[in-house]
Amino acid sequence: MKISILDDYFDTLRTLPCFRKLAGHEVAVWNDHVQDLDLLAARLRETEALVLIRERTQVRAPLLDRLPELRLISQRGVFPHIDVEACTRLGIVVSSSLTAGTSYDTAELAWGLIIASKRRIPQQMAALQAGTWQIGVGERLRGKTLGIFGYGRIGAAVAGYGKAFGMNVLVWGREGSLDRARADGHAVVGSKRELFERSDVLSLHVRLLAETRGIVTRDDLALMRPDSLFVNTSRAGLVEPGALVEALGAGRPGAAALDVYDEEPLRDPRSPLLSMGNVVCTPHIGYVTREEYESQFSEVFDQIIAYETGKPTSVVNPEALRSERRRHGVGS
C-alpha cells in the first residue's frame, strides 16, 4: 500500500520500533504542517492509506474529493477534524481506536505547568538569561486546594500528584466519575460553581464533545480568585470563545497554564495568550513523548495491517465497507 503520514514534525515515527510494522509498504512521511488544499491534494494524490497525528490536519470533503486512491484513514483518538460523512460517501474507511491509553504523559505535563506557573519558572529563567537575579516570589502548593474538573484517567492521575504534594483535592464531573473520586479518597463538591470558587489551582480534564464545547464560561472563570490558576491541557474548545483572555485581563483567575489553543498550530507571537505575563504556554505537547508515540502508532499501524488483510478494526463508519471503492480497492 501507498501510505502517507502527515505532521510528523520531528521525523519521530521512523525511529520507533513499531514503524517496522509498515515494512514492505511505500511510506511517505511529511514533517511540515500544511493545510493548503492544493498542496495537500498534490501530496496525497496517490495515497491509499493516510495516517494522521491527532487533530493536526483538517481532512474535509474538498480535500477528500480530490483523493481518488484513498481507501483508509487511520489514527487514534477523537476525530472532529475528519469529515466522516464525506468519507462514508466516498467509501473511505476511517479507523480510529478510542482505546484508553496511558494517562501519564498529559498528566505529567499538567503537573509541570502547575509548578512552572506557581514558581514562575519560565519568567525566572528568562530574567536570569537577561542578567537579572530573581524577579519575584513564588507560591507553595502544599496546603492549597487543587480542583479537578473531570475525573477520567488524566484527571485521576493529576489528582494523585496533587495529593502527593500535600494539596487538598476537590473533584467535579459526571456522577460516575465522582463515585470513582470518592473511592480514591478525594473530596467531591456539590456543584461546578463551588469548584471554581474554592480552587487555588483548577485543572480541566474533560473530553471535547458537542455537549461539552464551551462548558467553562465567562461566569465560571469570574468565580475564581485573583491568586488562582486555571490549567487546560485538554482542549481549548471546552472554554467559551474569548472568555479566558477576558477573564485574565480582569484578574480572575490571576494566571493560566495552557497546552491547547483555539487555533493550532499557534504561530502568531502577537496572540494575547502568548504576550501575557501571567500565562505559561506550551505547544500542545501533552501526549508528545516517545512512550506515548510508540503506544499510539503501534495501534494505528495495526489498523492498516488489519485493513489490508480484509479485516478492518476500530471502524467508525462501517457503512463505508459496503462501497464500490472498498470492494474494488485495497483490502477487498
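Trainee: Which residues of strand 9 are on one side and which on the other, and are they buried or exposed?
Mentor: Keep in mind that this is a predicted model. Strand 9 covers residues 201-204, with Val201 and Ser203 on one side and Leu202 and Leu204 on the other. All of these are buried, so both faces of the strand are covered.

Trainee: Which strands pair with strand 9?
Mentor: Strand 6, residues 145-149, pairs with strand 9 in the parallel sense over four bridges. Strand 10, residues 229-232, also pairs with strand 9 in the parallel sense, over four bridges.

Trainee: What about strand 5, how many of its residues are buried?
Mentor: Five of its five residues, 93-97, are buried. Val93, Ser95 and Ser97 lie on one side, and Val94 and Ser96 on the other, so both faces are covered here too. Strand 4, residues 72-76, pairs with strand 5 in the parallel sense over five bridges. Within that pairing, Gln75 has Ser96 as its bridge partner.

Trainee: Stepping back, how many helices and strands does the protein have?
Mentor: The protein has 13 helices and 12 strands. Its C-alpha atoms fill a box of roughly 65 × 50 × 35 Å along the principal axes. Of the 332 residues, 48% count as buried.

Trainee: What is the radius of gyration, and what would a compact globule have?
Mentor: The protein has 22 Å. A compact globule with 332 residues would have a value near 20 Å, and the two agree.

Trainee: New topic. How many aromatic pairs are there?
Mentor: The count is seven aromatic pairs. One of them is Phe19 with Phe301, an edge-to-face pair with 6.2 Å centre to centre and 75° between the planes.

Trainee: Where do those two sit in the chain?
Mentor: Phe19 is in the loop between strand 1 (2-5) and strand 2 (26-29), while Phe301 is in helix 12, residues 290-308. They are 282 residues apart, so the pair links distant parts of the chain. Both Phe19 and Phe301 are buried.

Trainee: Why is the pair of Tyr293 and Phe297 called edge-to-face?
Mentor: The ring planes of Tyr293 and Phe297 are at 65°, and the cut-off for edge-to-face is over 60, so the pair gets that label. Their ring centres are 5.5 Å apart. Both residues lie in helix 12, four residues apart, which is about one turn of the helix. Tyr293 and Phe297 are buried.

Trainee: Which residues do the ring pairs link into a cluster?
Mentor: The cluster holds Phe19, Tyr287, Tyr293, Phe297 and Phe301. Tyr287 also has Arg54 over its face, at 4.1 Å from the ring centre. Elsewhere, Arg56 lies over the face of Tyr9, at 4.1 Å from the ring centre.

Trainee: I clicked on Val189. Is it buried or exposed?
Mentor: Val189 counts as buried because its relative accessibility is 5%. Its place is in the loop between strand 8 (187-188) and helix 8 (192-198). Leaving aside residues up to four places away in sequence, Val189 touches Leu170, Val171, Trp172, Glu194, Leu195 and Arg198. Val171 is 18 residues from Val189 in sequence, and their C-alpha atoms are 6.2 Å apart in space.

Trainee: Last one: which peptide bonds are cis?
Mentor: The bond from Arg252 to Pro253 is cis, with omega near 5°, and so is the bond from Glu264 to Pro265, with omega near -5°. Pro253 is in the loop between helix 10 (243-250) and strand 11 (255-258), whereas Pro265 is in the loop between strand 11 and helix 11 (272-275). Most peptide bonds are trans.

Definitions and conventions: Residues are numbered from 1 along each chain as its sequence is written. This is a predicted model: local features need pLDDT of at least 70, side-chain atom pairs count only at pLDDT 80 or more; totals for chains, interfaces and linings use all residues. Side-chain values use heavy atoms; hydrogens and water are left out. Rings of Phe, Tyr and Trp (its six-membered ring) pair if their centres lie within 6.5 Å; planes under 30 degrees apart count as stacked, over 60 as edge-to-face and the rest as tilted. Buried means under 20% relative accessible area, exposed over 50%, partly exposed in between (1.4 Å probe, protein chains only). A charge sits over a ring if NZ of Lys or CZ of Arg is within 6 Å of the ring centre and within 35 degrees of the ring normal. The radius of gyration is taken over C-alpha atoms; the globule rule is 2.2 Å times the number of residues to the power 0.38. Two strands pair if DSSP finds at least two bridges between them. Contact means heavy atoms within 4.5 Å.
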